Amino acid sequence: MNAPAKTEDLAATVPAGVYAETVTNVQHYTDRLFRFRMTRPDGFRFRSGEFAMIGLVVDGKPIYRAYSIASPSWDEELEFFSIKVPDGPLTSHLQQIKQGDQVLMRKKPTGTLVLDALTPGKRLYMFSTGTGIAPFASLIRDPETYEKFDEVILTHTCREVSELKYGFDLVEEIAKDELLSEVVGGKLRHYATVTREPFPYQGRITDLISNGKMFADLGVAPFDPAVDRAMICGSAAMLKETKALLEQAGLTEGANSKPGEFVIERAFVD
């Protein structure tokens, strides 16, 4: 059976160019979802919305996967939000971590879900399914987001109501943070939907966009390239469908090298 390296043995197996950081907190939400926080290396810089390659040493070999950094760029620690895959090469072990354990992280963060990849606008949509909310957990806690946009709409779609809790916890944490709540004010709106259980808002986000219900629920006009910007992170099907809906409305995809009206993270899907 594969076995992750113990913390005391890890120092001897850490590859060059990789950080080994200490887990400071673990919170399990459901049997499929958990978040954890770990120390932030001295000198480690990233832009809110980027991802890093994190991993563990299993049977003497490091295993890495791309994980969005869920904490904002100003945070003294690093936060990650993860699914639990019973037979996953990494997550089957990662879900077992406890406070005091060590996690590997490669030194260079990257990603397209960054504010620099968008042209100026007034309203920013963040479309997420499942653990795709992670990069937006970073961005909704970054003051720069609210300097650039008058309104920020975070959508989060999951199968079950219990899987929405991380998003609700984030919004509550912002409200309770004296400095952050003052910066955010009334600019952040949270639109959570569920596909398999009764809930005030039900359905796939792409269906709710297509039939106009999302716009009606939020009391906003349909997509307008002059006003709206968007970021997308979730399943492969959701990325494809949401991209098509935005392009139908006249928005164009951007990138770090050429900013546009919407951006997609393709490094991973939930």
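I looked up threonine 193 and found it buried, at 0% relative accessibility (buried means under 20% relative accessible area, exposed over 50%, partly exposed in between, with a 1.4 Å probe and protein chains only). The model is predicted: local features need pLDDT of at least 70, side-chain atom pairs count only at pLDDT 80 or more, and totals for chains, interfaces and linings use all residues. Residues are numbered from 1 along each chain as its sequence is written, and side-chain values use heavy atoms, with hydrogens and water left out.

I placed threonine 193 in strand E9, residues 188-194 (strands are DSSP runs of at least two residues, helices, H or I, of at least four, numbered from the N terminus). Leaving aside neighbours within four places in sequence, I found threonine 193 in contact with several residues, including His156, Thr157 and Phe199 (contact means heavy atoms within 4.5 Å).

Next I turned to the rings. I noted 13 aromatic pairs in the structure (rings of Phe, Tyr and Trp, the last by its six-membered ring, pair if their centres lie within 6.5 Å; planes under 30 degrees apart count as stacked, over 60 as edge-to-face and the rest as tilted). Tyrosine 67 and phenylalanine 80 are edge-to-face, 6.4 Å centre to centre with 85° between the planes. Tyrosine 67 is in strand E4 and phenylalanine 80 in strand E5, so their pair ties together parts 13 residues apart in sequence. I found phenylalanine 80 buried, at 0% relative accessibility.

I then checked phenylalanine 81 and tyrosine 166: their ring centres are 4.0 Å apart and their planes at 20°, so this pair is stacked.
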